[in-house]
Amino acid sequence: MKQRDKTRLVHVARNHAEADTNSVNPAIVRASTVLYKDTSTLKSVRGRRERGERVFSYGARGTPTTFALEDALSEIEQGARTMLFPTGLAAIAHVLLSVLKPGDHCLLSESIYGPARAIAVRYLAQRGIACEFYHGGHEEVARRLKPETRMVYVEIPGSIIYDLQDLPAIAALLEGRDDTLLAADNTWGASGLYRPLTLGADISIVAITKYIAGHSDLVMGSVTANARSADQLCFDAGLLGQTVSSDDAYLALRGLRTASARMAMHRAHAMEVIGWLERQPQVDRVLYPPLPSHPGHELWKRDFTGANGLLSVSFKPYVTQDDADRLVDRLKLFGIGASWGGFESLAIVYPQGGVKGWSGGALVRLHIGLEDPADIIADLEQGFAELPG
Ligand SMILES: Cc1ncc(COP(=O)(O)O)c(C=O)c1O
């Protein structure tokens, strides 16, 4: 029976728990050493591992708890295999480092997460990998593809401004190029709001730290790969010793179970707050893909199944950077913090000129949390009260 998204989030990978204990959730298996009953069992496990099979043979290669999370993510992202990493950034680094070699060319969309950009500029470029950033849509990709392009790397929606890319159109450009992979950072659309692998990408990266963890209490990243890219990425992840703790994997799986309820509430609260923000004279516009005013709205409607609580506010030119700083300092309910996706509201200011792909004024990014929207709006009201105009 084909399951709908909400059902799948509740039931996916539950067989791991049932097989061991009949409990609803998997056991937290804390392990380094795994014992074998005899040498022939050890030999057979080694053989399976050498053939690329995932086996519980040593805690550093994964445990039944981390395997349960991997399987859940593979099914939600509809990929062949998922690998787990200590942070979202480590997951991004793994994809770039495993695929790209000296002499290769990599095309990256301009509004990717800043530290991902830094990997390209400060690490890959120095090792003979040509990294080129493009601003705009798939037409720009078409213009810049080279025979030596081995990867197109996108983040959809892009960081801070949430610009959207037409992923199927980019994938169509790569058809027939067997050695060029399309990778997407899917942190915004995690938990099934967006499924890059069903739209032509080979690799979907998620910072589990954000909405899947959902409670601001762990850091982790995942890479879900399709059949053509999984083998090398998995092999290299093992080779380089990438793993996560079973305790964190358990928490991430627990976060996943409630993701659809949280996402719906984040989105509903965001819409209420946006209604208020758009009535404020100082606000130029709110950047949030579900709004018809958003330049990528049609793509969001076509390719996404939902939204969350992350948005940015741009102000009229007379609101200075200092005004925006003072506004954020006055907020009481909102924490000043960067790592969105938890249950709580956050605000952070991005200075004028400091956001790639954005030429307007200062931006304030808000993460709208699970607090009562009336309280969130009341907090913003007192913060806005001292803004000019
Ligand atoms: C879009 C996106 N991708 C990746 C990351 C990196 O995740 P982590 O903080 O777990 O390294 C972040 C973190 O803010 C992010 O916003």
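Me: What makes up the shell around the ligand, by class?
Reply: In this predicted model, the shell has 4 nonpolar, 7 polar and 2 charged residues. Gly counts as polar under the classification used. The ligand is surrounded by 13 residues, and the closest are Thr87, Gly88, Leu89, Ala207 and Thr209.

Me: Why is strand β7 called largely enclosed by the rest of the structure?
Reply: A residue is buried if 20 or more other C-beta atoms lie within 10 Å of its own. In β7 (residues 221-225), 5 of the 5 residues are buried, so the strand is largely enclosed by the rest of the structure. Both faces are covered: Gly221, Val223 and Ala225 are buried on one side, and Ser222 and Thr224 on the other.

Me: How do you know that β6 and β7 pair?
Reply: Pairing requires at least two bridges between two strands. Strand β6 (residues 203-207) and β7 have 5 bridges, in the antiparallel sense. Ala207 has Gly221 of β7 as its bridge partner; Ala207 is also among the closest residues to the ligand.

Me: What makes β1 a partner of β7?
Reply: The criterion is at least two bridges, and strand β1 (residues 81-85) forms 5 with β7, again in the antiparallel sense. Arg81 is bridged to Ala225 in β7.

Me: Which residues make the contact of α4 with α10?
Reply: Helix α4 (residues 64-77) and helix α10 (residues 246-257) pack at about 35°, with their axes 8 Å apart. The contact involves Thr65, Thr66, Ala68, Leu69 and Ala72 of α4, and Ser246, Ala249, Tyr250, Ala252, Leu253 and Leu256 of α10. These residues divide into 8 nonpolar, 3 polar and no charged.

Key: Residues are numbered from 1 along each chain as its sequence is written. This is a predicted model: local features need pLDDT of at least 70, side-chain atom pairs count only at pLDDT 80 or more; totals for chains, interfaces and linings use all residues. A residue is near a molecule or strand if its C-beta atom, placed from the backbone, lies within 6 Å of it. A residue is buried if 20 or more other C-beta atoms lie within 10 Å of its own, exposed if 12 or fewer, and partly exposed in between; C-beta atoms are placed from the backbone. Helices (H or I, at least four residues) and strands (E, at least two) are DSSP runs, numbered from the N terminus. Axes are lines fitted to C-alpha atoms, for helices over the stretch in contact, and angles run from 0 to 180 degrees between N-to-C directions. Two residues are in contact if their C-beta atoms, placed from the backbone, lie within 7 Å.
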